[in-house]
Amino acid sequence: MDKFTRKTSFEQWLSPMNRSLFDDLVKTHQLNYYTKKLYMASFMKLLLYAQLHETESLRALSDAVFSEELQRATGLGSISFSQLGRRINTIPTEFFQTIFLDLVAQIHQKTNFQMRRKVITPLKIIDSSTLPLNLTNHKWAEFRKTKSGVKLHLRLVFMEKGLSYPDKAVLTNAIEHDRGQLEVFIDDKECMYVFDRGYLDYERFDRMTDDGYFFVSRLRKNAVVRVIEPFSLPE
């Protein structure tokens, strides 16, 4: 495991987070009330560690705290996976969403997004991932006879020189179809949108075209195509 010092990438990942906003959200949602050990500052570091190291479970994250380096970074000597589970259940999604949107706003400001978009058309990629859940504990998210799950819809902004970042995310039940999110994610006529056939909806495509939106998607093999004008491509 990487060592955690103030010069490591671990601390650099934390530095963009607006600490004043973080503290205000913790106070507003009373997330440190009645807390004796796992305060939000330490918990956020554990979540960041789990993301960076692709930790697969709360038990694995609990075991990682035995590392001296992680103990120094979080101020925790040990923590059980059950404590982690209870802690996650106390945090509303609005807490993470607000921090996420603030980070996106920082990226737009530091990259001069509003000015650059006038000379370079931003490419926005839309896709979804299904996150499986235990059917016994999450009957509200049932989408098959033996499975539950939620679906994360994500919009990724891709600019020049490899710059890319997510700027919008929506969670739905896994049973909901992808195409229902097009109207949520396509909201800027100065961008080019790319998405796969999961979002295919010809009627909505017509409305998007009439409204002046630009997009690229794969068609079904049986799609009826009318050629308006052919263009030749250079070698």
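**Exercise 1. Work out how much space the largest pocket of this predicted model holds, and which residues and elements line this pocket.**

Solution. The largest pocket holds about 2,400 Å³ of space. A pocket here is found on a 1 Å grid over the protein atoms alone, as an open set of points where a 1.4 Å probe fits, with protein on both sides within 12 Å along at least five of seven lines, and its lining residues have an atom within 4 Å of a point. The volume is the space filled by probe spheres set on the points, which are joined across faces, edges and corners.

Turning next to the lining, 46 residues line the largest pocket, and the closest to its centre are Leu47, Gln51, Phe96, Phe100 and Leu152. The elements that give two or more residues to this lining include helix 1 (9-14), helix 3 (40-52), strand 1 (123-133) and strand 3 (147-158), while helix 7 gives the most, with 11 residues. Helices (H or I, at least four residues) and strands (E, at least two) are DSSP runs, numbered from the N terminus.

By class, the lining of the largest pocket divides into 33 nonpolar, 10 polar and three charged residues; Ala, Val, Leu, Ile, Met, Phe, Trp, Tyr, Cys and Pro count as nonpolar, Asp, Glu, Lys and Arg as charged, and the others, Gly among them, as polar.

The structure is a predicted model, in which local features need pLDDT of at least 70 and side-chain atom pairs count only at pLDDT 80 or more, whereas totals for chains, interfaces and linings use all residues. Residues are numbered from 1 along each chain as its sequence is written, and side-chain values use heavy atoms, with hydrogens and water left out.

**Exercise 2. Describe the second largest pocket in the same terms.**

Solution. About 490 Å³ of space lies in the second largest pocket. Of its 14 lining residues, the closest to the centre are Tyr202, Leu219, Val224, Val225 and Arg226. Helix 10 (202-210) and strand 6 (214-217) are the elements that give two or more residues to this lining, and the largest share, four residues, comes from helix 10. The lining of the second largest pocket has 10 nonpolar, two polar and two charged residues.

**Exercise 3. Determine which residues of helix 2 are buried, how they are arranged, and what covers them.**

Solution. In helix 2 (residues 19-28), Phe22, Leu25 and Val26 are buried, where buried means under 20% relative accessible area, exposed over 50% and partly exposed in between (1.4 Å probe, protein chains only). Seen down the axis of helix 2, these buried residues fall within an arc of 100°, so they line one face of the helix; the arc is that of the directions from the helix axis to the C-beta atoms. Ser20, Lys27 and Thr28 are exposed on the other side.

The cover over the buried residues of helix 2 includes helix 3 and helix 7, contact being counted for heavy atoms within 4.5 Å. Finally, just after helix 2, glutamine 30 takes a positive phi of about 55°.

**Exercise 4. Carry out the corresponding analysis for helix 6.**

Solution. Leu84, Gly85 and Arg87 are the buried residues of helix 6. They cover an arc of only 165° around the axis, which puts them on the same side of helix 6. The face turned away from this buried side carries the exposed residues Arg86 and Asn89, and the buried residues of helix 6 pack against helix 3 and helix 4.
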